[in-house]
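I opened my notebook beside the structure today and jotted down each thing as I looked it up. Here are the entries, in the order I made them.

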Amino acid sequence: MSDRIFIAGAGLAGALLAMLLARRGYDVVVFDRRADPRVVGYEGGRSINLALAERGMQALRQAGLEREVLAQSVMMRGRMVHDLDGTTHLHRYGRDDREVIWSVHRGRLNLTLLDAAEAAGAKLHFAHRVAGIDFDASRLSSLSSASKT
């Protein structure tokens, strides 16, 4: 069994997984078809903010990034419901402020995770699309965006 792991996609999940595996000593190689967002800026396309619940915070704790991400997040206690007569009601996400969700900018979170993955030793290849995988031969082929025709 090889200790080299290939990951297709350097988004939130790919970058987090790359960092965690690299910290465990695996040789991690990540391919993403987009350009490096740390160089060209974060491309939108998805919602600007991401709501992190406990499951996401647990992953960030495991990665040692909870404090860094919380510093760039906003606590959300619940939803504000507006009645037709103008009255408002807060519908809490939990019983108290221990049960909240956190709003964080998706792009900044991705940049934080990419930096952490690279610092852990993952090799990041941007502008490379995974073109195919041959599981029998244990081979992956990729195309750089420059080689597309």
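This is a predicted model: local features need pLDDT of at least 70, side-chain atom pairs count only at pLDDT 80 or more; totals for chains, interfaces and linings use all residues.

**Entry 1: Ala127.** I began with Ala127, which has 22% relative accessibility and so counts as partly exposed. I then asked where Ala127 sits, and found it in the loop between β8 and β9, the latter running over 128–134. I also checked its backbone: Ala127 is not a glycine, yet its phi is positive, at about 60°.

**Entry 2: Arg38.** Next I turned to Arg38, which belongs to helix α2, residues 37–40. Is Arg38 buried or partly exposed? Its relative accessibility is 25%, so I wrote down partly exposed. I listed its contacts, skipping neighbours within four places in sequence, and got Leu111, Leu114, Asp115, Glu118, Leu124 and Phe126. I also took one distance: Arg38 and Ala22 are 16 residues apart in sequence, and their C-alpha atoms are 20 Å apart in space.

**Entry 3: the core.** I went on to the largest nonpolar core, which holds 29 residues. Which of its members touch the most others? I found Val28, Leu52, Leu60 and Leu65. The most comes from α1, which gives six residues.

**Entry 4: the whole chain.** Stepping back, I counted five helices and 10 strands in the protein. Its radius of gyration is 19 Å, well over the 15 Å that the globule rule gives for 149 residues, so I noted a protein more spread out than a compact globule. Along the principal axes, the C-alpha trace spans about 65 × 35 × 30 Å. Buried residues make up 29% of the 149. I looked at contacts between residues at least 6 apart in sequence, and 60% of these join residues at least 24 apart.

**Entry 5: surface and charge.** My last look-ups were totals. The accessible surface comes to about 9700 Å², with 51% of it belonging to carbon and sulfur atoms. For charge, I noted 21 positive and 17 negative side chains, and the centres of the two sets lie 1 Å apart.

Notes
Residues are numbered from 1 along each chain as its sequence is written. Side-chain values use heavy atoms; hydrogens and water are left out. A nonpolar core is a set of buried Ala, Val, Leu, Ile, Met, Phe, Trp, Tyr and Cys residues joined through side-chain atoms within 4.5 Å. Buried means under 20% relative accessible area, exposed over 50%, partly exposed in between (1.4 Å probe, protein chains only). Helices (H or I, at least four residues) and strands (E, at least two) are DSSP runs, numbered from the N terminus. The radius of gyration is taken over C-alpha atoms; the globule rule is 2.2 Å times the number of residues to the power 0.38. Contact means heavy atoms within 4.5 Å. Accessible areas come from the Shrake-Rupley method with a 1.4 Å probe; for residues, only the protein chains shown count as cover. Lys and Arg count as positive and Asp and Glu as negative; His and the chain ends are not counted. The place of a charge is taken as NZ of Lys, CZ of Arg, CG of Asp or CD of Glu.
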